[in-house]
Amino acid sequence: MDYLVRFVQLHESFRKAELEALADLYGINMDFLHYDQYTPHCIVRLPDENAARKIAARSILSKGIYELWGSGATYAELHQDVKHRTSNLWHLYRSSSFKFEIQAYQAKRSLAEQDALIQSFRYTGFEGPIQLKDPEQTFCIFEECQWGVKEPTQVYLGRLVTGSSRPILDTYTLKKRKYLSTTSMDSELALVTANLTHANPGKLFYDPFAGTGSFPIACAHFGAMAMGSDIDGRAVRGKHGVNTLTNFQQYHLVDRYLDGFIADLTHTPLRTARILDGIICDPPYGVREGLKVLGSKDGGKKKKEIHWIDGKAAHLQSHYIPPKKPYSFAAMLLDILEFGAVYLVDGGRLSLWMPTANDEEVELEMPMHPCLEIVSVCVQAFNKWSRRVLTYRRLRDEDVKENPPTRQAKQEEGSTANDLNSFRKRYFEGFKEPPPPMKEV
């Protein structure tokens, strides 16, 4: 059966990827018959209405899914298609309460015009009561128009199957969240990323750059058990009596929150084992300050003198802040993939946000690992730079065709923040010069 998905007209590169991820999560065969990022309407073919409900009910970037009753470039074509497709279905809804809606994209219709369009479908023979609130069936006329042109270029008729999860955005909006930081991920994109990564009941998810917990919260909303860590102990401990746990309490998700802890990705306290179903993270970009990792700048070659405070070694006290050293941005991305290869179960997913410049004719730089295959690439564009979410899937060991690179081969030369982070350097240069072609690292 063919269905029409009514998208929101934003985050265009995420919309199709989200539907594909949800179809894959539920093992549903879905074919895209029509998709255009410049319109909010998408036509897909699904096995049945139950499959349509499963996918749409979790979607964040759609408003709903409709059983497609007809389409055409004109209303004459639409009516002909409706009669051809669905005349055998009309009797099923003849006595049901119903209503008609009109959604015009890039155009408006007067009440008189809307009434005339609705009346043009009287041949369906619906005899039930018209009920504007909570009818048994809702039919919608969709119009696509060009700016300044009143007549539509494409029209559809659909029967509403179900709405989406989009209304939950009001619950999770950052405006109402009790514990935040300046880098807290937007709740809409956090939920979408959780969908891309297959957050689901019975799964264990981890964010190694958790901050105030936006990603663990999104994963817990979809039923996963979530935990997170951060190198900055202040983010984990919280402030003024609130912390990440406060957010989970706010959303009644405490039973799905394992804990948060202070850790560095390259010095993780987690036991080495394939235990994670998903890793989801937005690592620091190193713009405001250079990237750091635990360790001394001299590589531990010099013996350090122990400092004592009140008769107790400073490094054993709760307020101790361990030393950090500069960290290569490219090495950090590859370390995240290496971490995923070590900890993800077969088929487990890793979603990684990363920045890049918007210069024309620049090939997307995607960190790669032989144990992980790329599933989708979604882009959120700003003015002169973008950030992308790269989603990977862990391959089975027998499907891995080459050995991962050695740690020494991944390091970049340099000691300053700009030397170790080409994006940071270009950010402060204003992206004036096109960067060299990006390649796999």
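# Exercises on a predicted model

Histidine 79 has its place in helix H3, residues 75–86. The model is a predicted one.

## Exercise 1: Histidine 79

Find out whether histidine 79 is buried or exposed, and list the residues it touches.

*Solution.* 
Step 1. Read the relative accessible area of histidine 79: 14%.
Step 2. Compare with the cut-off. Buried means under 20%.
Step 3. Conclude that histidine 79 is buried, because its relative accessible area is 14%.
Step 4. Look for contacts, not counting residues up to four places away in sequence. Histidine 79 touches Ser120, Phe121 and Tyr123.

## Exercise 2: Two ring pairs

Classify the pair of phenylalanine 100 and phenylalanine 139, then the pair of phenylalanine 121 and tyrosine 123.

*Solution.* 
Step 1. Recall what to look up. A pair of aromatic rings is described by the distance of the centres and the angle of the planes.
Step 2. The structure holds 20 aromatic pairs.
Step 3. Take phenylalanine 100 and phenylalanine 139. Their ring centres are 5.4 Å apart and their planes are at 20 degrees, so this pair is stacked.
Step 4. Phenylalanine 100 is in strand S5 (residues 98–105), and phenylalanine 139 is in strand S6 (residues 137–144). They are 39 residues apart, and the pair links distant parts of the chain.
Step 5. Check burial. Phenylalanine 100 counts as buried at 14% relative accessibility. Phenylalanine 139 is buried at 1% relative accessible area.
Step 6. Take phenylalanine 121 and tyrosine 123. The ring centres lie 6.1 Å apart with planes at 40 degrees, so this pair is tilted.
Step 7. Check burial again. Phenylalanine 121 is buried, with a relative accessible area of 1%. Tyrosine 123 has 26% and is partly exposed.
Step 8. Widen the view. Ring pairs join Trp69, Trp90, Tyr93, Phe98, Phe100, Phe121, Tyr123, Phe126 and Phe139 into a cluster.

## Exercise 3: Charges over rings

Which ring does the charged end of lysine 83 sit over, and which face does arginine 387 lie over?

*Solution.* 
Step 1. Start at lysine 83. Its charged end sits over the ring of tyrosine 123, 4.6 Å from the ring centre.
Step 2. Go to arginine 387. This residue lies over the face of tryptophan 353, 4.8 Å from the ring centre.

## Exercise 4: Strand S6

*Solution.* 
Step 1. Sort the side chains. Gln137, Phe139, Ile141 and Glu143 point one way. Thr138, Cys140, Phe142 and Glu144 point the other way.
Step 2. Pick one bridge. Isoleucine 102 has isoleucine 141 of S6 as its bridge partner.

## Exercise 5: The largest nonpolar core

How many residues does the largest nonpolar core have, and which helix gives the most to it?

*Solution.* 
Step 1. Size up the core. The largest nonpolar core has 35 residues.
Step 2. Phe14, Leu191, Leu196 and Trp353 have the most contacts inside it.
Step 3. Name the suppliers. H1 (12–25), H5 (169–172), H6 (187–196), H7 (214–221) and strand S18 (385–394) each supply at least two residues.
Step 4. Pick the top one. H6 gives the most, with six residues.
Step 5. Zoom in on leucine 191. Beyond four places in sequence, leucine 191 touches Ile60, Ile168, Leu169, Tyr172, Ala218, His221 and Phe222.

How values were computed: Residues are numbered from 1 along each chain as its sequence is written. This is a predicted model: local features need pLDDT of at least 70, side-chain atom pairs count only at pLDDT 80 or more; totals for chains, interfaces and linings use all residues. Side-chain values use heavy atoms; hydrogens and water are left out. Rings of Phe, Tyr and Trp (its six-membered ring) pair if their centres lie within 6.5 Å; planes under 30 degrees apart count as stacked, over 60 as edge-to-face and the rest as tilted. Helices (H or I, at least four residues) and strands (E, at least two) are DSSP runs, numbered from the N terminus. Buried means under 20% relative accessible area, exposed over 50%, partly exposed in between (1.4 Å probe, protein chains only). A charge sits over a ring if NZ of Lys or CZ of Arg is within 6 Å of the ring centre and within 35 degrees of the ring normal. A nonpolar core is a set of buried Ala, Val, Leu, Ile, Met, Phe, Trp, Tyr and Cys residues joined through side-chain atoms within 4.5 Å. Contact means heavy atoms within 4.5 Å. Two strands pair if DSSP finds at least two bridges between them.
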